[in-house]
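Reader: I should like to learn how to read a protein model. May we go through one together, feature by feature?

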Amino acid sequence: MKKTICLITAALIVFSATVKTQNHLTKINGSEPKPESMAFLPGSERVKPFFLGFHDTFAHYLWIRTVLYFGAQHQTDRDYAWLIQKLDIITRLHPHFFPAYEFAGLLVPEVCNNPDAARVIMERGMIHLSQERWQIPFYLGMLYFRYYDDPDRAAEYFTIATQVPGAPSEKLGTLAASFYQRSGRKETGVALLYFLYETADSPEVKRHIEERLVTLLEE
């Protein structure tokens, strides 16, 4: 018990010192809008042990700073030079934190003009969240389609997304089938639609899939 109290106290001291340092730097900077100091940002996940088990808490703190940073940059020069590093360290400290992956998948390719960085972070999400969040493989599929001109890989990720509980499987399946067709794998697309038709419960969904199946077979 005494050891636990000591650990919690130490973590609070580290966290408070970080916030205090950041506030001090903000005061030094004055009231004029200047680029945000990144003194509080860890360089890598190797600092994880120093948070004494409170790395999730620090990841949430970084996330709040990231949202504020994005909003400030959006209203000024729209230079998001630190966005990738922030999202990278957040997802390293807290690999199950979905909002950071959503930012990475949807914003980083465009606002940072860096689809490679987005892909690396999203592949981390595939390891930790692909069984819970269908958006992770879906965003990766869109990345491969839009930035790598790879409809075949995109279709594979859309197919993975259809298998996540709660996913809009019929829409994702239709999308995947069309991409398989585009990449010359029409038979794979047809097989996917057959599978979705067989496993769907809703008559409306079955009807929608059947229509897509007929269209695909006729093309």
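**Reading the model**

Author: Among contacts (heavy atoms within 4.5 Å) in the protein chain between residues at least 6 apart in sequence, 56% join residues at least 24 apart. This is a predicted model: local features need pLDDT of at least 70, side-chain atom pairs count only at pLDDT 80 or more, and totals for chains, interfaces and linings use all residues. Residues are numbered from 1 along each chain as its sequence is written, and side-chain values use heavy atoms, with hydrogens and water left out.

Reader: What is the mean pLDDT of the protein chain?

Author: pLDDT is the predictor's confidence in each residue, from 0 to 100. The mean for the protein chain is 80, and 75% of its residues reach 70 or more. Over residues 28-33 pLDDT stays under 50, and the model has one contact beyond four places in sequence for them. Where pLDDT is low, the predicted coordinates should not be read in detail.

Reader: How many helices and strands does the protein chain have?

Author: Helices (H or I, at least four residues) and strands (E, at least two) are DSSP runs, numbered from the N terminus. The protein chain has eleven helices and zero strands.

Reader: Which residues of the largest nonpolar core touch the most other members?

Author: In soluble globular proteins, nonpolar side chains tend to be buried together. Buried means under 20% relative accessible area, exposed over 50%, and partly exposed in between (1.4 Å probe, protein chains only). A nonpolar core is a set of buried Ala, Val, Leu, Ile, Met, Phe, Trp, Tyr and Cys residues joined through side-chain atoms within 4.5 Å. Here the largest such core has 52 residues, of which L83, L87, V108 and M122 touch the most other members. Helix α2 (residues 55-75) supplies the largest share of this core, seven residues. Beyond its neighbours within four places in sequence, L83 is in contact with residues including F70, F103 and V111. Over the protein chain, which has 219 residues, buried residues make up 39%.

Reader: Which backbone oxygen does the side chain of T162 reach?

Author: A polar contact is a pair of N or O atoms within 3.5 Å; within protein, one must be able to donate a hydrogen and the other to accept it, and residues adjacent in sequence count only if both atoms are side-chain atoms. The side chain of T162 reaches the backbone oxygen of T159 at 2.5 Å. T162 belongs to helix α8 and is buried, with a relative accessible area of 8%. Leaving aside neighbours within four places in sequence, T162 is in contact with A167, S169, L172 and G173.
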